[in-house]
Amino acid sequence: MIGMPGCVFCRIIRGEAPAVMLYEDELVAAFLDIAPVAPGHTLVVPKYHAERPEELPAEYLCAMMKAAALLAPAILEATGAEGYNLLVNAGPAAGQVVMHVHMHIIPRRRGDGMRAIHVPGERRIVSHEELRPVGEAIREALTRIKGR
Ligand code: AMP
Ligand code: ZN
């Protein structure tokens, strides 16, 4: 499942394209991002070609999170970063460019100038009444999806 023609991450996993590899097991590989937003910016990639997390067998999802939890402290220790963001861009609308699922580990420092999702002033707290219909629609969709 790692032989999708034209997929750069499949090629890296197969050893056909270069990467600075940090970690590998049966299910995932982790290597440095070629265009880091901070030193130590890492990608955790399943050894299974799928575009989005929901297309992955559960064992690969677990392995990705386990690898991220293992690597993050090592990345912080090695780079002196104080925290990190775990990020998956799913779909071009969310900024996905490489169409093989991957989780970014982005090392962070106070005052590094990178934006967080919780930028104060750009969001507002809404009432539960306003939230409720969205919640209902998602729970209904969940029931449909689980029934498939
Ligand atoms: P995304 O926007 O989530 O699809 O991010 C794709 C990431 O893959 C970007 O941060 C790129 O810098 C990175 N990337 C693309 N090609 C390579 C490569 N050959 N080796 C390492 N990282 C790569
Ligand atoms: Zn691939």
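Modeller: Helices are DSSP runs of H or I with at least four residues, strands are DSSP runs of E with at least two, and both are numbered from the N terminus. This is a predicted model, in which local features need pLDDT of at least 70 and side-chain atom pairs count only at pLDDT 80 or more, while totals for chains, interfaces and linings use all residues. Residues are numbered from 1 along each chain as its sequence is written, chains are lettered from A and ligands numbered from 1 in the order in which they are written, and side-chain values use heavy atoms, with hydrogens and water left out.

Biologist: In which strand does Tyr-23 lie, and why does Tyr-23 count as partly exposed?

Modeller: Tyr-23 belongs to strand β1, which covers residues 21–24. Buried means under 20% relative accessible area and exposed over 50%, with partly exposed in between (1.4 Å probe, protein chains only); the 24% of Tyr-23 therefore makes this residue partly exposed.

Biologist: Which residues does Tyr-23 touch, leaving aside those up to four places away in sequence?

Modeller: A contact requires heavy atoms within 4.5 Å, and Tyr-23 has such contacts with Val-28, Ala-29, Ala-30, Ala-67, Leu-70 and Leu-71. Leu-70 is 47 residues from Tyr-23 in sequence, and the two C-alpha atoms are 9.5 Å apart in space.

Biologist: How many aromatic pairs does a search of the whole structure find?

Modeller: The search finds two. In Phe-9 and Phe-31 the ring centres are 5.4 Å apart and the planes make 75°, an edge-to-face pair. Phe-9 sits in helix α1 (residues 8–13) and Phe-31 in strand β2 (residues 28–32), 22 residues apart, and the pair thus links distant parts of the chain.

Biologist: Why is the pair of Phe-9 and Phe-31 called edge-to-face?

Modeller: Rings of Phe, Tyr and Trp (its six-membered ring) pair if their centres lie within 6.5 Å, and planes under 30 degrees apart count as stacked, over 60 as edge-to-face and the rest as tilted. The values of 5.4 Å and 75° therefore give an edge-to-face pair. Phe-9, at 7% relative accessibility, is buried, and so is Phe-31, at 2%.

Biologist: What makes the pair of Tyr-48 and Tyr-60 tilted?

Modeller: With 5.0 Å centre to centre and 50° between the planes, Tyr-48 and Tyr-60 are tilted because the angle falls into neither the stacked nor the edge-to-face range. Tyr-48 is in the loop between β3 (42–46) and α2 (58–79) and Tyr-60 in helix α2, twelve residues apart, and this pair too links distant parts of the chain. Tyr-48 is buried at 17% relative accessible area, as is Tyr-60 at 13%.

Biologist: How do you know that Pro-46 is buried?

Modeller: Pro-46 has 0% relative accessibility, and therefore counts as buried. This residue is found in strand β3, and among the residues that Pro-46 touches, beyond four places in sequence, are Ile-13, Tyr-60, Met-64 and His-100.

Biologist: How many disulfides does the structure hold?

Modeller: A disulfide is a pair of cysteine sulfur atoms within 2.5 Å, and the structure holds zero of them. Cys-10 is buried at 1% relative accessibility, whereas Cys-62, at 48%, is partly exposed.

Biologist: What pattern does the protein follow along the sequence?

Modeller: The pattern reads α-β-β-β-α-β-β-α, with three helices and five strands. Of the 148 residues, 32% count as buried.
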